[in-house]
Amino acid sequence: MNAWRNVWTITKRELGAYFTSPIAYVFIVIFLLLCGLFTFFVARFLEAGEASLVRAFFDWHPWFYMFLVPAVGMRLWAEERRVGTIELLLTMPITVWQAIVGKFLASWLFLGLALVLTFPMVITVNYLGHPDNGVILTAYIGSWLMAGAYLAISCITSALTRSQVVSFIISVVVCLVLILAGYPPIINFVEEFFSARLADFVTAFSVMTHFEGFQKGVLDSRDILFFLSVIGFSLFTTSVILRTHRAG
Amino acid sequence: MIKVQNLAKAFGTKRAVDGVSFSVERGEVLGFLGPNGAGKSTTMRMITGFLPPTAGTVTVGGFDIVQHAIQAKRLIGYLPENAPAYTDMTVFGFLNFAAEIRGLRGDARKQAVARVVEMCFLGTVLHQSVETLSKGYRHRTCFAQSIIHDPDVLVLDEPTDGLDPNQKHEVRQLIRRMGEKKAIIFSTHILEEVDAACTRAIIIDRGKIVANGTPQELRQKSEEAGAVMLRVKGVPSSAVTAKLSQVPLVKRVIILDDKNGHVTVRAFPKSGTNGALAQAIGEAAHEWQIEQLRSEEGRLDDVFRSITMPDTAKEVAQ
């Protein structure tokens, strides 16, 4: 009970920090612009004549997130370390876990908000035709979970350094690897030159493969579990890094 | 309230803190002195639970800082070095956050914030962003944070650093007042603060405690403690030293100043003189025109220097 109150106090503070700085507004505007631009001009949503958001809209999300989520997550711990407030935070009567979860939750809720603000897309597609709104909903859920996985990885890189730039670059690279592990050209390459079993193994680690199910309207427990375990594992790693960093 | 036993911290092969033990009771203000890099901040970081010790234990109010971290941390208010604060918040927002995370809700929180705002004179900057504050105000904001839950134990790392003389005075008064009911540790390298606020002082050097006592006791370790300073007019300095050197209690005499017929000398006593020196000097000098005659109490910065300077530097200084 008390634990969640502490988590919520941290979450509130972090959310406040997003909205008192320009980060929140810049992020939301750019995210929405990119979504609109790619859906209408690159994927040619209107010309396709298909009442579905799956391909034209959600297909871009893994790529947008690759740049945008590390930008949201990079300050989480790097900034605390640079300014020295980490010393205040970790000498308060809270556990390291409460701080980690509180911070993660704030950023994840923020990403959720950005995602919710794409609702005009849903209205448009409903106005133009008769889409399967169930599929749209599962795709949204999948997209949010994927954002959470990227974010948790950004937490690790942010805890590793006091430089936000370093944190950003490393997490972009890690996210790219997670995307490419399921990117068809890469998979074909692995299959051709190594073995099909290795290709399967690599694919199992890709966010693309696991996001696909959500895009088809399937809530597969394995996919959900994949994203949740990436989050869990990354947050655990973050706690280990914070501990060893202080152990000197 | 605070009990530190054989505390040690190693960074790689360097031992930043090496076997430090002391305790602070309620009603005590402990001054933590030492040159830069002596291990003051590291010790304080271990007491507050930010750094885990390599060896040794810290208990605060009976709770071990490692085993029962949360209970121990509840009792502590901490002002870290350089007074960090969340720059993206207003002073009001920051203090409310600090109060909330300390478990203060509703009216209790409002009262606590109002109390520290008044105590630390933050009223005029309350709705200003921390980023735009001057150093003094930022310092006081962080200080306010450390006392917001009225803690039993206060750990202050250089609480007067970066303040102007008036603010320094205020903070010292505040520490002294609060020290009557709390256990306080504060670090400083300003020696006059020890006199102004401490009931006891510890000098730490290269990770070890090298002196521990009341400011008075520490001062007596000074070479000058017990010496007598004399200023006379119209007597040649050679005559003064010659005469004073014959006083049985005097070990040696040095000339401090010899200008325009005013001679100032200092006489050092032999051991076990017990304050009779001033009397003896006064008698020896009764024919001269005495302008000043004073027993020296000893000076803290001399003690500090003689204890903490590396041996080679000491020889150079002499």
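Predicted model: local features only at pLDDT ≥ 70, side-chain atom pairs only at ≥ 80, totals over all residues.
Residues are numbered from 1 along each chain as its sequence is written, and chains are lettered from A and ligands numbered from 1 in the order in which they are written.

To place that residue, B:G298 sits in the loop that runs between β14 (289-295) and α11 (300-308) of chain B; helices (H or I, at least four residues) and strands (E, at least two) are DSSP runs, numbered from the N terminus. Leaving aside residues up to four places away in sequence, B:G298 touches B:R219, B:Q220, B:S222, B:E224, B:A225 and B:V303, with contact taken to be C-beta atoms, placed from the backbone, within 7 Å. For B:S222, which is 76 residues apart from B:G298 along the chain, the C-alpha atoms of the two are separated by 5.2 Å.

Turning to chain B as a whole, there are 12 helices and 14 strands, and the C-alpha atoms fill a box of roughly 75 × 45 × 35 Å along the principal axes. Of its 318 residues, 42% are buried, and among contacts between residues at least 6 apart in sequence, 68% join residues at least 24 apart. The domain assignment gives domain 1 (2-215) and domain 2 (228-296), with bounds that come from an automatic or database assignment, and the centres of these two domains, taken over C-alpha atoms, are 46 Å apart.

Now to the helices. Within chain B, the axes of α3 (residues 91-101) and α4 (residues 106-119) come within 10 Å and cross at roughly 130 degrees, the axes being lines fitted to C-alpha atoms, for helices over the stretch in contact, and the angles running from 0 to 180 degrees between N-to-C directions. The pair α3(B) and α4(B) is therefore oblique, given that angles under 35 degrees count as roughly parallel, over 145 as roughly antiparallel, 65 to 115 as roughly perpendicular and the rest as oblique. This contact is made by B:L95, B:N96, B:A99 and B:E100 of α3(B), together with B:R109, B:A112, B:V113 and B:V116 of α4(B). Those residues divide into five nonpolar, one polar and two charged, where Ala, Val, Leu, Ile, Met, Phe, Trp, Tyr, Cys and Pro count as nonpolar, Asp, Glu, Lys and Arg as charged, and the others, Gly among them, as polar.

What does chain B present to chain A? In this model, 24 residues of chain B are in contact with 20 residues of chain A, and α3(B) gives the most to that side of chain B, with four residues. The residues on that side divide into 13 nonpolar, five polar and six charged.

Methods: Contact = placed C-beta atoms within 7 Å. Buried ≥ 20, exposed ≤ 12 C-beta atoms within 10 Å, placed from the backbone.
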